[in-house]
Structure formats: structure tokens, C-alpha cells
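The chains are shown below.

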Amino acid sequence: MKKYDTPLIDELEKGPWPSFVTEMKKSAKKNEMANDAVGHLEKCFKTKVGYWKHGGIVGVLGYGGGVIGRYSELGDEFPGVAHFHTVRINQPSGFFYTSAALREICDIWDKYGSGLTNVHGSTGDLVLLGTKTEALEAIFAEYSSRGWDLGGSGSALRTPSCCVGPGRCEWTNYDTLDLSYALTQEFQDEIHRPTFAYKFKIKMSGCACDCVASIARADMSIIGTWKGNIEVNQDEVKNYAKNGMDINAEIVGMCPTQCMSYDGKELRINNAECSRCMHCITRMTKALRPTGERGATICIGSKAPIVVGSLLSWVIVPFIKVEPPYTEVKDLVRKIWEWWDENAKPRERIGEVIEMKGMRSFLEGIGQAPIPQQIKEPRKDPFMFYTEDDMAAFKAKEAEEKKTGKYKF
Amino acid sequence: MALPQRKTDIGPPHYKQFLPPVIQKNYGKWKYHEVINPGLMVHVAESGDKIWTVRVASPRILATDTIREHCDVADKYCGGFFRYTTRNNVEFLVSDEKQVEPLRKDLAARGFKMGGIGAGITNVVHTQGWVHCHSACTDASGLVKSMMDELMEYFESKRLPNKVRLAVACCVNMCGAVHCSDIAVVAVHTKVPTIAHENFKNMCELPTVIGSCPTRAISPDPANKSVKINAEKCMYCGNCFTVCPPISIKDPERDGVAIVVGGKINSLRTSPKFSKLVIPYISNEPPRWPKVVAAIKHIVEVYAKNARKHERIGEWIERIGWERFFSMTGIDFTFQCIDDFTFMRDTMRTSSTFKW
Amino acid sequence: MEMSELQDKIFAFCEAAKGKKKLKEKDIINGINAESGLDKDEIKKALREMINVGRLMYSYGGGASSVEIPSEEYLREKGLIK
């Protein structure tokens, strides 16, 4: 095996934080592809430019995703990375594993690939970095026969992902692990066979803490919430105060709706005015907990800056029940895709299409009524559409008022 | 040797088989948790059962042998059960309190770094960079390693007013949701792309390329059977390069990074926020990007000194005002900080009340 | 229409677009539906069968997925030709 001199990236083996270079070299000791990846990276550091080509056409028979073609421009100099494809393995919900399962994944990967991984990629898949085209069918047979399937890539549903939820969190408002599993199973076809205009991501968080960043990086963000009161355990409130918490400054004063008060003895909450932001609950988790009906808020459209700027997801359904078999959520997903499919040009994310076609078109398409919870503020300009039906409804309302002698605004 | 029979459309294995018995028993019935130190927390169930979590840093790029080492540790102390986090940490899940200290000792002896829980700095969300991406204009892993070496105390022990979430994106595609981080590094191009006209016709679709441009800088170039780019309109986003390989935008001497601050993704206290540009350009300086690291450390320190408890960077800045942020940090305010793309209407000041 | 006849039609449709337009699965289904009036689900089924045996394949380029006729290289790699 060729020995590369790597003075630049060797610098990144120093210091306390775990070193990715050490990881690459660990694989390089026993793997030719990883060894060339090390030499290749040193060259990038030296010249300050990357050498990977655009993704190519690779995959497993019948699927249109899960493998991302990667080739180096420097295949002659570094033959081990001439092909260096990525394989995405669909992670289990919440990234829970057993040692036995991961050992099996590692053993197969060492047999066919570079031995390098990302645990995990940004979308959530367990990412295997670096293999050759001719190994792909074997890799797929090995993994799928043992119960592991590929994740999504290209113009498809990307691998759904969720927070730790009921597995280990007291704040979750629905079973994120189970919904993630259920949607992944329900939409296998949409994950593996790219039929959309562009990518579509679904992320599930159990509460407004949003530990999977769904509001910022999922076309569909499913964020847990509740409808009842926050139950206060006054003994625990006293304990927090006793242990040094300045409840007025840290809790009451930072409540965005100012719906709380504390007189040095009791913490009171005007629940009707609470917007369920989670600040007080996360700071006083022993003292405060939500009660009542649980479910989720559905938001739509977030994405990174390409093409015309980043978007955060917009609220479209303020409250939805999230219970097995999740029929309501699944039906909503289908309606959203149907509207998107009808209106999108190639490479348009749903948020962009909604901006182009208008939120009204989208909400009508999926059968959602307009309600104030969807907006921060109403429109500021006087340019608006009035359909014939809208006008008929306004006129009918006025006719009704004339009859009853009572205005209805 | 014959390969096993492939199966399609099976999806991932069911999560339940990977949950330790104490989680199976107390699933969805957790009562509260306590952060014992930045590397250790305990969750307590309604039943009184407890599960301890020891969080360990990972460089995200892992050799299979390191994953096997995680497995060995989990076998020894956790009945083989562990998990990873969305920010690439490893979490060892311990059901028996007696195993917590031996586990921590063993991890320390193996050189693993414990931390990242609570009001400090945890692992960095980042992209592939030069290690594995075609559109990278910096190396994300190298930047992360350089930053975290310098910020290690905030991972392991030192506390901040609130969490500081860091991210690195190796181009403006921002595969890692950099756009809503407390502090993020985003790599940028700074030059108009060049076009290998002779390859355009065979490799690119004209309408797709024209449509890929957010500033409408691209128009047909019939003489070359290709396109031309209006240099006055181009903002170097590189989207045309993504859809059309003969377009080239990489430039080793001009590619660099920008720093954005003040974003967040949770809804605690205030709504989720985008990160905003404060430093428009720093040259790529591999292997350690010293100026980028110094800038991030400086911003963290000014925040640590001035923010109120529980304020995230963006909330602190909104309270004191951006003009104050620039004066406090001494960061030069430049034209790039004024939005001239899609958000100018929302971001210019429309009152005469501000601070000197 | 017989399945094989429909598949030949789909193949011809893809062949006609080769080198001109990247077809998405939807473009093919809508195109054949407009030509023949056949049920879209039926077209999709026929198309998927072709992809499963490598007569057509999913491709990726320019940041988006499409469907195209496989190269000999692809077929050789999949062991479908020698």
C-alpha cells in the first residue's frame, strides 16, 4: 500500500477534540480506498480546492436512490478513490442501536467499502463513505437480507428522521419514534423511486425544543404540542427556588406571553394565554408538565438558501392528533404531495412552489381553512384576490345581517 | 460465495429491538431528568426507574473500528445498548448506577471526550467538505476540528448563558441547516463562474441552467451554443454549477468562509431565527483556519460576558441591538451585512431610534 | 393493450427524448397517457417492471432524478448482458 506524506492534515491529529484524520488513517491502515482518501485529502488541503466530480449514475437495480455516485478527478493519482460512492443506510428511529447490529453493519462495510462512515449524515441516514460501482449489488444484498434498507436520495422522499421522543424524554407530546417508523414504512416507494419534482424531507420533533431542527430543514415539520394546562408542582417550585433559581427573573420575566406570576411562594400560570414555548418547562422540568390532549403542529416548507433564500416552515395545521395508525397524518402527506406534484417545476421545493402559487392555492389544495394561528400578522398590502365565491359569501353574510339586524364581521 | 437474497422496500429495522429493557418498560413514561455534569444526565421514570446517559464526542467521520470500540464499551457497561444523537455524539445508556463511574473511567482511559449536555457547546453539525463533496469550497471537518480544539472547555466543563449551537457548511447549499445556528461558518465563492462552452450542449439543459440562477444573471449564448453570465448580477451561489458540470466556480485563492450568528431552531421564549451575516469573508487557511477559530472564540466570549442567563446569542443581540453587537465585538460592519437579495425590506431599520 | 406492447411504447418514448430532455417518471406517465389514453397506474406499473429488469433505469444528474435507457456499461455491471 502506498504511504502518503501528509504534513498538513497531520496537524489535525493534534489537540483534544477527536480527530477525523485519525479515523481516516485508522481505516487507511487496512484499506486501500481509505488510504487513497487520506492522500487525496492532503492534496485538497495543499491546493485549497476539492477534486470530487458531480455525482454520477449509480445505484441498485430497481431503486433510484440510496447510493450517491462520487468520482475523483484524480483517479489516476489516487486509484482507490476513482470511484468512492456513498451508500445511505436508513437509520432506526431515534438512532438507537445494539452492539450486535452495528457490528454486523461494520463487518459488511469492511468487506465491500472503505471502512469509513458518517454516523450519521445530516438527514439522518447512517452513511457509508466510499465504495466501487461493482460492489453495490452485493452491498445491497448483504444489508437488505439482514433487515437493513437504503435511505432516500435525489428527487424523492428523503429518509424521515425524529428526536429521541418517548424513548428518553419527558417532554414529548407524541410517539416520534413510532411515527417516523410508520411513515418510513408507509412511503417506501416514495423513498426508493424518485418521482417528485425535487427532494422532500419529513422531520418529527416531540416538542417545541425541536431537537431535529425540523422547523429549519424539513419540507414537512411535525412538532409536538398540547392543548391542556401546565400542571404545577408547588413543592418542586420551592425546591428550585431553594436551590438558587431566581424564578421571577429566569422564568416569569422570560415568559414570552407574560402569563405567569410568582409571589415568592406559588407559581401561577394563566394557561389560556400560554403559547407553549417550553421555556419554563425545560428550566423547571420537575415542577411543570403539560396535561390534556396531545398532538402536533404541522408546518411546511423549510429549506436551505438555494435557490432564492432560506425558508423556515410555515404553520398550516395548528393541531393534529398523532395516534396509530396515523391515518390523518398519512392522508395529509398524500394531499400535500398531490398539490406539489401538480404545481411544481423541476427542482422546486414545496416552500418555493407555495411562494409562487400562493398559500391560498396550497391550503385549498389540501383542504385547510385559513385561521389566525397560521400567521404572524395579516397582509400589509391591499392587493388581494376576490373570487366570485368570496364575493357571494360576503354578500350573503350582509344579507343575513339585514335580516337579523345584527352585524357579523 | 453466493450472495444472500436481496429484499426491497423493507425499510429500517423496527426501533423497539434496539431499546434497552429499562426504556421498553418506561417507554413514554419519563418524569424528569437532571444534568449531573456536562457529560452525564439521568432520566427518571414515573415508576422510579432511572437511566443514565453518558455523552461522548465523535468526529462524525468514524472508522468501523471506532464504531466497534463503541460497541465494546456498550457491551461492557450498557448491555450492548447505545445511541447516537442528531449532532453526532455517542450516548451510552446505563441502567445500573454502579456502572456509571466505571464507564466514565474507562471512556476517559480510552481517550473519549465526555460532555456536550446543557448550557455549553456541543458537537458541530457540519457537511462533507473536501473529504467527500463535489461542491465544497472549504473542508468542514477540518474547520470543526480546529474550532472545537479551541472551544473544548465549553464542551467538557465551562458553562455559558445558554447553549451555543455551532455549524459548518462547506458551500451555500448548507446541507447541515447552518442557517439557524448560534454561530455558523459558511463557505463562499467570490468570483463569477467560467464556462467550458464546448461541453455545454452535451451536458446541460438550457432552461434548467437559466432557471437555476436566483438573480437571473444567466442568459442564452447562441453563438457558443451555451450560456453567458452577467457579472453584475451574479452572487456566486454556484447553483448553475450544480445543474451543469461544464460551469466552474472553484477558485483556491478566492474561495473562503463567512460567519453568521444569532440563529436558533427551538421556539423557547422567541421564535426560531435565521443566522445573520456578521463577517463576510475570511480566506481559507488550512489546515487550521486560525482567523476563523479566533473570530468564533471572540464572539463566544463576548456573549458569555454580556448575555443574561438563558439568552441565546440571537436573543441577546436582539435585546442589545445589532449596532451594539458590532461595537461590542469590534467587528467591522460592511456592505455585505446589508441585505440586497431577498430580505432588504424586512432588515433595514425604519425608525430613528438606535444606539450610538 | 398488452403489457409488452405498452412497454415498447414507453421505451420508444424514452428513446425519442434521449439526449434532448431528461424525463421524469411523471413526464413518461403523462406523455404515454396523452398519446394512448391508458390508465396512469397501468403505465406506472409497466414502467416499474421495465426499471426492475434494467430495460430502463433511474438516473441522476444536474441535481435531479430522471428515467433513462441504461448504458451497456450499466447493464454489464448488473450482469444483465455479458
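B:Cys204 is buried, at a relative accessible area of 10%; buried means under 20% relative accessible area, exposed over 50% and partly exposed in between, with a 1.4 Å probe and protein chains only. B:Cys204 is bonded to B:Cys244 in a disulfide, with an S to S distance of 2.0 Å. This is a predicted model, in which local features need pLDDT of at least 70 and side-chain atom pairs count only at pLDDT 80 or more, while totals for chains, interfaces and linings use all residues. Residues are numbered from 1 along each chain as its sequence is written, chains are lettered from A and ligands numbered from 1 in the order in which they are written, and side-chain values use heavy atoms, with hydrogens and water left out.

**Cysteines**

- Over all chains, the structure holds one disulfide, the term standing for a pair of cysteine sulfur atoms within 2.5 Å.
- The pair links distant parts of the chain, 40 residues apart: B:Cys204 is in the loop between helix H5 (197-203) and helix H6 (206-211) of chain B, and B:Cys244 is in the loop between helix H7 (239-243) and strand E13 (247-248) of chain B.
- Helices (H or I, at least four residues) and strands (E, at least two) are DSSP runs, numbered from the N terminus.
- The link of B:Cys204 and B:Cys244 is right-handed, with 75 degrees about the S-S bond.
- B:Cys244 is buried, with a relative accessible area of 0%.
- A:Cys163 is buried, at 10% relative accessibility.
- For A:Cys280, the closest cysteine sulfur belongs to A:Cys274, and the 6.3 Å between the sulfurs is too far for a bond.
- A:Cys280 also has 10% relative accessibility and counts as buried.

**Salt bridges**

- The count is 60 salt bridges over all chains, each being a side-chain nitrogen of Lys or Arg within 4 Å of a carboxyl oxygen of Asp or Glu.
- One of them joins the side chains of A:Asp110 and B:Arg68, at 2.7 Å from N to O.
- This pair crosses between chains, from helix H4 (residues 99-112) of chain A, which holds A:Asp110, to helix H2 (residues 64-77) of chain B, which holds B:Arg68.
- A:Asp110 is partly exposed at 26% relative accessible area, whereas B:Arg68 is buried at 17%.
- In another salt bridge, A:Glu352 pairs with A:Lys303, their closest N and O atoms being 3.8 Å apart.
- A:Glu352 is in helix H13 (residues 350-357) of chain A and A:Lys303 is in the loop between strand E13 (294-300) and strand E14 (314-320) of chain A, so the pair ties together parts 49 residues apart in sequence.
- Both A:Glu352 and A:Lys303 are buried.
- A:Arg360 and A:Asp390 form a salt bridge, with the closest N and O atoms 2.8 Å apart.
- Because A:Arg360 lies in helix H14 (residues 359-366) of chain A and A:Asp390 in helix H15 (residues 388-404) of chain A, this pair ties together parts 30 residues apart in sequence.
- A:Arg360 is partly exposed at 38% relative accessibility, and A:Asp390 is buried with a relative accessible area of 18%.
- A:Lys30, A:Asp107, A:Asp110, B:Asp65 and B:Arg68 are joined into one network by salt bridges that share partners.

**Nonpolar cores**

- A nonpolar core is a set of buried Ala, Val, Leu, Ile, Met, Phe, Trp, Tyr and Cys residues joined through side-chain atoms within 4.5 Å.
- The largest nonpolar core has 126 residues, of which A:Ile222 and B:Phe92 touch the most other members.
- Another core, of 76 residues, lies apart from it and includes A:Val127, B:Ile61, B:Cys137 and B:Trp316.
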